[in-house]
Amino acid sequence: MFRSLPIYALAFITALFFFPNLSHAQSFQRQSKHCNNPDASVELRLEACSWLIQSGELPDKGYGIVYRLRGMAHIDAGNYESAVKDLTEAISYDPNRASNYLERAYAHSFRDYKGLAMDDYNQAIAIDPYNAEAYYYRAGLFTDRKLIDLAILDYRAAVRLDPNDSYALNSLAWLLAINPDKTERQGAEAITFAKRALDINPDDFEVWDTLAAAYVEDGQDDEAFDAYLKAQNIGGQDRIEMDQVWLKEKGYYHGNTNGVRNEASISALKECIASGCQLHSELW
């Protein structure tokens, strides 16, 4: 999720100003530290942030930050309705902070309120058009709505703004390779983006799977086969079983789906590639 800048200094200075009593100031500093510590337990973060809000002594900007931090803690706890309430409060104090909308969109998505999430991503981008995360998550919503062209545009924006985001690179490569509109597929470009993702995260079997699909689209069957085997080697038995089940459902494989690679599953994979099929291409 999207973390704020530390508020320890702000909170401690505020505490000293409002609370000349040193012990109270120290309590304020301690609660500020817990509230803004993503490694602390959710319970501790919620308690500390609530203590700060109930103190009644934060400046307006401080309230905006603390409501946002408590909202993030609620998200981690799975309390998405409470998270939305706190993040809405944060927005009321600081309506020009893009991350407030990003966090609230995240909570909306968990509540399956995709329309509200889309509104918040749009607002975050309006405030900060250089926010790569906003484009990345909005692309996911466009994909869910089967608006593939718009999703690709947003993934392109995300990787342009953050060239080292392997997830965005992989997502872009995947849609370019398996676009349901086959006339819009870009196999060669998908290969480029998938390789960039592998430069960052070479042990992600999903990226190897994407690279394989891109090779299939580009007509490089041998390279596709090697990439699929690499994905299986990294993903292990679970990945092999997943591929066997898929190949069996598509009529290429007729053996056991036990996650043990065998000659029959290898032959099935080769036959699939030769026919131009891409494993799991319905997952987009």
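**Entry 1: the largest pocket**

I am working with a predicted model, where local features need pLDDT of at least 70, side-chain atom pairs count only at pLDDT 80 or more, and totals for chains, interfaces and linings use all residues. Residues are numbered from 1 along each chain as its sequence is written, and side-chain values use heavy atoms, with hydrogens and water left out.

My helices are DSSP runs (H or I, at least four residues), numbered from the N terminus. A pocket, on a 1 Å grid over the protein atoms alone, is an open set of points where a 1.4 Å probe fits, with protein on both sides within 12 Å along at least five of seven lines; lining residues have an atom within 4 Å of a point.

I noted a volume of about 290 Å³ for this pocket, volume being the space filled by probe spheres set on the points, which are joined across faces, edges and corners. Helix H8 (132-144) and helix H10 (166-178) each supply at least two lining residues. Among the lining residues I found Tyr136, Tyr137, Asn170, Trp174 and Leu283. By class I read seven nonpolar, four polar and one charged (Ala, Val, Leu, Ile, Met, Phe, Trp, Tyr, Cys and Pro count as nonpolar, Asp, Glu, Lys and Arg as charged, and the others, Gly among them, as polar).

**Entry 2: the second largest pocket**

Here I found about 190 Å³ of space. Asn170, Trp174 and Leu283 turn up in this lining too, and Glu206, Asp209 and Arg239 are also among its residues. Which helix gives the largest share of this lining? H12 does, with four residues. The classes are four nonpolar, three polar and three charged.

**Entry 3: H11 against H12**

I then checked helix H11 (residues 187-200) and H12, whose axes come within 8 Å and cross at roughly 160° (axes are lines fitted to C-alpha atoms over the stretch in contact, and angles run from 0 to 180 degrees between N-to-C directions). The two helices, H11 and H12, are therefore roughly antiparallel, a label for angles over 145 degrees. Contact, meaning heavy atoms within 4.5 Å, involves residues including Ala190 and Ala194 of H11 and Leu211 and Ala214 of H12. I read the contact residues as 10 nonpolar, two polar and two charged.

Note on methods:
Parallel < 35°, antiparallel > 145°, perpendicular 65-115°, else oblique.
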